[in-house]
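Biologist: Please pick one part of this model and take me through it slowly. I'd like to see how it sits among its surroundings, with the cut-offs spelled out as you go.

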Amino acid sequence: MSLNTVRHDYKISKMDREKHHGHRSFLLWFTGLSGSGKSTLANLVEMELYKKGISTFSLDGDNIRQGINKDLSFAPEDRTENIRRIAEVGNLMVNAGIVTLAAFVSPYIKDRENIKTIVGAENFIEIYINTSLEECERRDVKGLYKKARAGEIKNMTGISAPYEAPIQPDIEIITDDQPIEASVKTILDVIVEKLKIE
């Protein structure tokens, strides 16, 4: 933190912005292996929230790495910095009164705990998309697992780099044998109640 900066206190609070939007705001963090269905589920959940008049915005791993985080590699320290930056962006969005959906592998427990510290535990909902490595490899939407198995990709989560599954996620979705509509409903059933301003 720079010694030459002073934190600015805004006249309009997060609570004011939530009242303006007509709902609470928080960060929905989708974590899981590549190919688990994080982005697909986040997009479908966002569409349903949008239909209900909820102000939303999605942060996606690939999109972010093409912009704000294009200077980062997939080495462990850069993965940590990637997640830290996203948490800070998510925190700004949540403070703006927007329900923010973030879909990131985010393989390390310590990094996900740090997100919670940045945005506040009361503003953080961890959604674990629990899909087996076998199923993710079968899907291999981006062809990453094939390249990792051939040694063309280093630090591939689940192959040559670890994935630390959440111990007590707020929501766990096991997608291997569950229709996607059921997964979306499970998530919505939990978060719609949390949207209400008390």
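Modeller: Let's start with a pair: Leu 27 stands opposite Phe 124 in strand 4. Before going on, this is a predicted model, so local features need pLDDT of at least 70 and side-chain atom pairs count only at pLDDT 80 or more, while totals for chains, interfaces and linings use all residues. Residues are numbered from 1 along each chain as its sequence is written, and side-chain values use heavy atoms, with hydrogens and water left out.

Helices (H or I, at least four residues) and strands (E, at least two) are DSSP runs, numbered from the N terminus. Two strands count as paired if DSSP finds at least two bridges between them. Strand 4 (residues 124-130) has 5 bridges to strand 1 (residues 27-31), and the two run parallel. Within strand 4, Glu 126 is the residue opposite Trp 29. On to strand 5: 4 bridges join it to strand 4, again in parallel, and there Ile 171 is the bridge partner of Ile 127.

Zoom out, and 5 strands make an open sheet with parallel pairing, in the order 2-3-1-4-5. Strand 2 (56-60) and strand 5 (171-174) are at the edges with a single partner strand each, so one side of each has no neighbour in the sheet. On average, neighbouring strands are turned by 15° against each other, direction ignored. Helix 4 (residues 76-95) packs on this sheet, touching strand 1, strand 2 and strand 3 (99-103), and its direction makes about 175° with that of strand 2. For those angles, axes are lines fitted to C-alpha atoms (for helices, over the stretch in contact), and the values run from 0 to 180 degrees between N-to-C directions.

How well covered is strand 4? Mostly: 6 of its 7 residues are buried, meaning under 20% relative accessible area, where exposed is over 50% and partly exposed lies in between (1.4 Å probe, protein chains only). A nonpolar core here is a set of buried Ala, Val, Leu, Ile, Met, Phe, Trp, Tyr and Cys residues joined through side-chain atoms within 4.5 Å. The largest one has 21 residues, and Leu 28, Phe 30, Val 45, Leu 49, Ile 127, Ile 187 and Ile 191 touch the most other members. Strand 4 is among the elements giving two or more residues to this core, along with strand 1, helix 2 (38-51), strand 3, strand 5 and helix 8 (180-195). Helix 8 supplies the largest share, 5 residues.

Not counting residues up to four places away in sequence, Ile 187 touches Phe 30, Val 45, Ile 127, Ile 171 and Ile 173, where contact means heavy atoms within 4.5 Å. Thr 186, also in helix 8, is partly exposed, with a relative accessible area of 32%. Leaving aside neighbours within four places in sequence, Thr 186 is in contact with Ile 171, Ile 173 and Gln 178. The C-alpha atoms of Thr 186 and Ile 173 are separated by 7.9 Å, although the two residues are 13 apart along the chain.
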